[in-house]
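The exercises below are meant to be worked through with the sequence and the 3D view side by side. Try each task before reading its solution.

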Number of protein chains: 2
Amino acid sequence: MDLTLIPDGGLAWLDASGPLAHVVLSSRIRLARNLEGIRFAVRARDADRRRVLDLVDAAWQRSAAARGGARFLLDDLGPDDRQLLHERHLVSKELAAAGGERGGSSGAAVYLAGSLGLMVNEEDHLRLQTLHSGFGLTQAYGALERLDSELGVALPVAFHPEFGYLTACPTNAGTGLRASVLIHLPGLVLTKEISKVLQGLSQVGLTFRGLYGEGSEVVGNFFQLSNQTTLGKSEEELLDHLGKIVRQVVAYEEQARQVLLRDAPTIIEDKVWRAYGLLRHARSLSFDEAMNLLSGVRLGVGLKLIAGLSVYTLNKLLIFTQPAHLAALEVRSANDPELRATRAAYVRRLLDAEAAPPA
Amino acid sequence: MDLTLIPDGGLAWLDASGPLAHVVLSSRIRLARNLEGIRFAVRARDADRRRVLDLVDAAWQRSAAARGGARFLLDDLGPDDRQLLHERHLVSKELAAAGGERGGSSGAAVYLAGSLGLMVNEEDHLRLQTLHSGFGLTQAYGALERLDSELGVALPVAFHPEFGYLTACPTNAGTGLRASVLIHLPGLVLTKEISKVLQGLSQVGLTFRGLYGEGSEVVGNFFQLSNQTTLGKSEEELLDHLGKIVRQVVAYEEQARQVLLRDAPTIIEDKVWRAYGLLRHARSLSFDEAMNLLSGVRLGVGLKLIAGLSVYTLNKLLIFTQPAHLAALEVRSANDPELRATRAAYVRRLLDAEAAPPA
């Protein structure tokens with residue numbers, strides 16, 4: 001896939017310009033919407049999906065928020081390209097897997113415009129989403145709301161006066177909103193306070209996942225915190241609540257880091273510099289190891305133990321060391337066993353370019 | 001201890017100028033000698049040791065080979081200084097431990113002149129030794145023989161027409177010669193052929209030890225190969241035999257390295273560069289870990305995978321990362337728990353100075 005075709009590559013959030021960017025990588029919001037009078041995804045037939053796509057297409061064309069955007073039909077893309085969109089958090093795992101599987105009639109598509117994205121014929125007819133740098137839920141919602149209302153004017157969105165937006169899965173009904181924050185918590189993991197914190201989340205209606213959303217494992221101490229409930233509260237209330245808790249978790253994380261620095265400075269310094277040394281020099285890296293080492297280096301940058309290395313570069317490494325991204329960079333298959341060597345070479349190239357002084 | 005007092009620091013062998021220096025670090029020969037009419041060490045009283053010391057002192061003064069040398073009485077040295085001499089392979093573990101233990105009357109001393117050394121009142125009255133860079137047994141023996149014959153003229157050396165030189169332990173009788181070669185065999189260890197090779201040694205009258213001689217463990221794939229028997233053969237025959245076998249072991253090692261490069265190039269490259277990365281950036285290193293990582297880097301330099309790093313620096317790291325050396329460099333105790341941080345800092349300083357291009 002020619003990545004340059006994707007408006008801003010869907011990677012604006014990498015720039016680490018947002019608030020608390022040393023701990024919070026990104027804020028993401030998605031809204032689930034469905035169209036009245038068309039069978040929902042599980043029961044939809046080819047003609048239904050086709051109709052959804054046609055309607056959405058027309059609405060997207062008319063949307064001011066979506067100006068300058070692009071559309072990709074999943075059926076037109078090979079498996080590596082679909083995985084690439086998934087790694088970029090632009091399409092869900094399900095949508096990436098669905099494309100091309102029904103003989104070119106899945107109707108699955110993704111629309112992209114700046115930080116805005118729209119998945120079509122995924123679990124819901126429409127899933128609008130946006131991804132922002134750092135901790136910026138309100139800002140993210142503002143951008144998404146504009147697209148939502150423009151599409152809502154043009155489309156017969158299924159809305160029930162009592163239940164709110166209707167969705168394929170009842171857990172999404174109501175606001176249809178899922179907000180999540182990708183957060184890096186090495187301090188809480190190292191001080192072993194993380195399980196306490198994660199348990200606390202479920203008591204306040206939040207949940208956590210790994211780097212790739214539902215069902216994905218936590219690697220590199222990267223967690224996605226998100227709202228569990230979508231019903232019975234307004235969008236603003238949901239975002240406000242998540243925001244408060246995230247701020248608290250960030251405070252816990254910062255405390256944990258200070259405790260580590262105070263009680264075990266050599267161990268922490270050693271840990272972060274070993275991670276740096278391995279990333280800078282290894283000739284073969286699995287994705288999981290790379291994530292774990294990046295976690296160590298990120299902690300070191302956050303604690304100002306490692307200087308001259310930008311959070312932007314670390315964010316970039318997080319995305320571009322994924323299999324499909326490496327494969328695209330090097331014109332290989334994402335299953336190529338040589339990818340570990342390619343990954344190590346890519347990491348070295350970026351780190352050498354910044355060449356953190358070895359302090 | 002002021003290291004500058006030791007003639008050339010006893011470290012001429014570090015320069016890596018000798019033959020096969022990429023695999024053979026050093027060649028070492030020692031000769032055990034005792035004096036007629038004086039009780040041997042195990043039964044010796046203070047007066048005996050005193051007499052040995054006086055006689056040796058006079059003979060050393062007259063020796064041309066020993067010109068410009070220096071004497072250290074072990075009783076005058078603190079435990080750190082004695083350990084330092086031991087780490088420098090200038091005194092045995094026993095002599096390092098013995099000094100100062102009998103209220104200043106151990107009579108234990110070490111004489112040093114260039115690459116020549118002489119321990120007095122160790123297990124034998126005299127132990128002459130020399131250490132040369134790389135694979136140079138003949139050259140080493142030449143230098144030592146001169147000192148031996150000069151001391152032999154001045155001292156009543158215990159010699160039996162049938163048994164040769166008499167020694168405290170019968171396993172040293174005859175020539176009194178123990179020649180050993182410090183050799184780095186990571187290739188044979190990685191290809192798991194090492195045990196076969198080591199078993200073969202005992203069948204040809206040789207034995208192996210770790211970095212610090214008898215009873216010491218093998219760390220960092222550094223082995224000392226030496227002759228087992230000292231009796232029934234001439235010095236030249238013993239050296240010739242050891243030399244032949246060492247050359248064979250070096251050939252096996254080089255084969256093993258080529259096999260690794262051919263069959264697992266990425267694994268080997270990754271291994272040596274990870275070792276480099278950790279040494280270059282770690283903030284805390286145990287001695288054993290440092291040895292193992294230095295072994296990896298040394299293999300990388302030998303295979304020309306790592307450029308711009310001299311074998312001299314690697315040899316220096318091998319010596320100066322030992323506890324007493326670090327302690328002396330930093331005016332600390334060799335038991336200081338902070339030594340791991342000091343070791344890591346020392347390693348970084350030396351590697352940064354050479355700053356191997358990260359290829």
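A residue counts as buried when its relative accessible area is under 20%, and as exposed when that area is over 50%. The model used throughout these exercises is a predicted one.

**Exercise 1.** Decide whether B:His89 is buried or exposed, and describe its place in the chain.

Solution. Begin with the accessibility: B:His89 has a relative accessibility of 11%, and because buried means under 20%, this residue counts as buried. Next, find its position, which is in the loop between α2 (79-87) and α3 (93-98) of chain B. Then turn to the backbone, where B:His89 shows a positive phi of about 60° although it is not a glycine.

**Exercise 2.** Work out the order of the eight strands in the open sheet of chain B, and explain which strands stand at the edges.

Solution. Strands of a sheet pair through backbone hydrogen bonds, either parallel or antiparallel. In chain B the order is β2-β3-β4-β5-β1-β8-β10-β9, with antiparallel pairing. The edges are taken by β2 (70-73) and β9 (206-209) of chain B, each of which has a single partner strand, so one side of each is left without a neighbour in the sheet. From one strand to the next, the twist averages 20°. Within the sheet, strand β1 (residues 24-33) of chain B and strand β5 (residues 126-133) of chain B are joined in the antiparallel sense over eight bridges, and B:Ser27 stands opposite B:His132 in β5(B). Helix α9 (residues 287-302) of chain B packs on this sheet, where it touches β1, β8 (177-184) and β10 (222-227) of chain B, and its direction makes about 75° with that of β8(B).

**Exercise 3.** Classify the pair formed by the rings of B:Phe320 and B:Tyr346.

Solution. A pair of aromatic rings is described by the distance of the centres and the angle of the planes. The structure holds ten aromatic pairs over all chains. For B:Phe320 and B:Tyr346, the ring centres are 6.1 Å apart and the planes stand at 35°, so the pair is tilted. The two residues come from distant parts of the chain, with B:Phe320 in helix α10 (residues 311-320) of chain B and B:Tyr346 in helix α12 (residues 339-354) of chain B, 26 residues apart. Both B:Phe320 and B:Tyr346 are buried.

**Exercise 4.** Compare the radius of gyration of chain A with that of a compact globule.

Solution. A compact globule with 359 residues would have a radius of gyration near 21 Å, and chain A has 21 Å, which agrees. Along the principal axes, the C-alpha atoms of chain A fill a box of roughly 65 × 45 × 30 Å. Of the 359 residues of chain A, 57% count as buried, and the secondary structure of this chain comes to twelve helices and ten strands.

Note on methods: Residues are numbered from 1 along each chain as its sequence is written. Chains are lettered from A and ligands numbered from 1 in the order in which they are written. This is a predicted model: local features need pLDDT of at least 70, side-chain atom pairs count only at pLDDT 80 or more; totals for chains, interfaces and linings use all residues. Side-chain values use heavy atoms; hydrogens and water are left out. Two strands pair if DSSP finds at least two bridges between them. Helices (H or I, at least four residues) and strands (E, at least two) are DSSP runs, numbered from the N terminus. Axes are lines fitted to C-alpha atoms, for helices over the stretch in contact, and angles run from 0 to 180 degrees between N-to-C directions. Contact means heavy atoms within 4.5 Å. Rings of Phe, Tyr and Trp (its six-membered ring) pair if their centres lie within 6.5 Å; planes under 30 degrees apart count as stacked, over 60 as edge-to-face and the rest as tilted. Buried means under 20% relative accessible area, exposed over 50%, partly exposed in between (1.4 Å probe, protein chains only). The radius of gyration is taken over C-alpha atoms; the globule rule is 2.2 Å times the number of residues to the power 0.38.
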